[in-house]
Amino acid sequence: MGSLRSSGSGAAVPVESVDPEAACVLLATQQYGYVDVRMWEDFDKGHVAGARNVPYYLSVTPHGKERNPHFVDQVAALHAKEDRFLVGCRSGVRSRLATADLLAAGFTNVKNLQGGYLSLLKSASYSQPTASHQ
């Protein structure tokens with residue numbers, strides 16, 4: 001595997017993605033935490049139990065997307081750079097970008113959830129929470 005370069009260098013950062021079945025195992029055994037990068041209103045409609053919400057975009061309009069300029073710092077306030085966690089969004093596109101930014105910033109055990117939260121909901125291994133969580 002090549003060396004990681006900052007996203008400002010123009011070089012792509014290799015992102016490891018895990019499928020929903022593997023994600024369920026990592027989450028069930030509490031080997032990995034979960035950072036949901038959807039906007040707050042989407043997170044509030046449903047999310048992985050114990051997920052931390054750090055939006056990658058602050059707004060999405062027909063005119064474009066406004067990226068959260070404090071995204072990496074906000075994740076760093078919740079997780080050490082060596083912590084293990086999955087990054088997920090709705091369908092896997094945003095979380096792949098977010099994971100690349102985190103890897104470029106020095107996080108070492110971050111994986112993208114392939115297909116996002118929607119794929120997790122369709123997974124036979126995923127058990128949805130039955131009660132609200134704090």
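I call a residue buried when its relative accessible area is under 20%, exposed when it is over 50% and partly exposed in between, with a 1.4 Å probe and protein chains only. The model I am reading is predicted, and local features need pLDDT of at least 70, side-chain atom pairs count only at pLDDT 80 or more, while totals for chains, interfaces and linings use all residues. Residues are numbered from 1 along each chain as its sequence is written, and side-chain values use heavy atoms, with hydrogens and water left out.

**Overall layout.** I looked up the elements, taking helices (H or I, at least four residues) and strands (E, at least two) as DSSP runs numbered from the N terminus. The protein chain has five helices and seven strands, and from the N terminus on they follow the order β-α-β-α-β-β-β-α-β-α-β-α. Of its 134 residues, 40% count as buried.

**Aromatic pairs.** I let rings of Phe, Tyr and Trp (its six-membered ring) pair if their centres lie within 6.5 Å, with planes under 30 degrees apart counted as stacked, over 60 as edge-to-face and the rest as tilted. By this rule I find three aromatic pairs. The pair of Tyr56 and Phe71 is edge-to-face, because the ring centres are 5.2 Å apart and the planes stand at 85°. This pair links distant parts of the chain, with Tyr56 in the loop between strand S3 (52-53) and strand S4 (57-61) and Phe71 in helix H3 (residues 71-78), 15 residues apart. Tyr56 counts as buried because its relative accessibility is 4%, and Phe71 is buried too, at 1%.

I then turned to Phe85 and Phe107, whose centres are 5.9 Å apart and whose planes are at 80°, so this pair is edge-to-face. Phe85 lies in strand S6 (residues 84-88) and Phe107 in the loop between helix H4 (93-104) and strand S7 (109-113), so the pair ties together parts that are 22 residues apart in sequence. Both Phe85 and Phe107 are buried. I also note that ring pairs link Tyr56, Tyr57 and Phe71 into a cluster.

**Val15.** I placed Val15 in the segment before strand S1 (17-18), and Val15 counts as buried because its relative accessible area is 15%. With contact meaning heavy atoms within 4.5 Å, and residues up to four places away in sequence not counted, Val15 touches Arg96, Thr99, Ala100, Leu103 and Asn112. From C-alpha to C-alpha, Val15 and Leu102 are 9.9 Å apart in space, and they are 87 residues apart in sequence.
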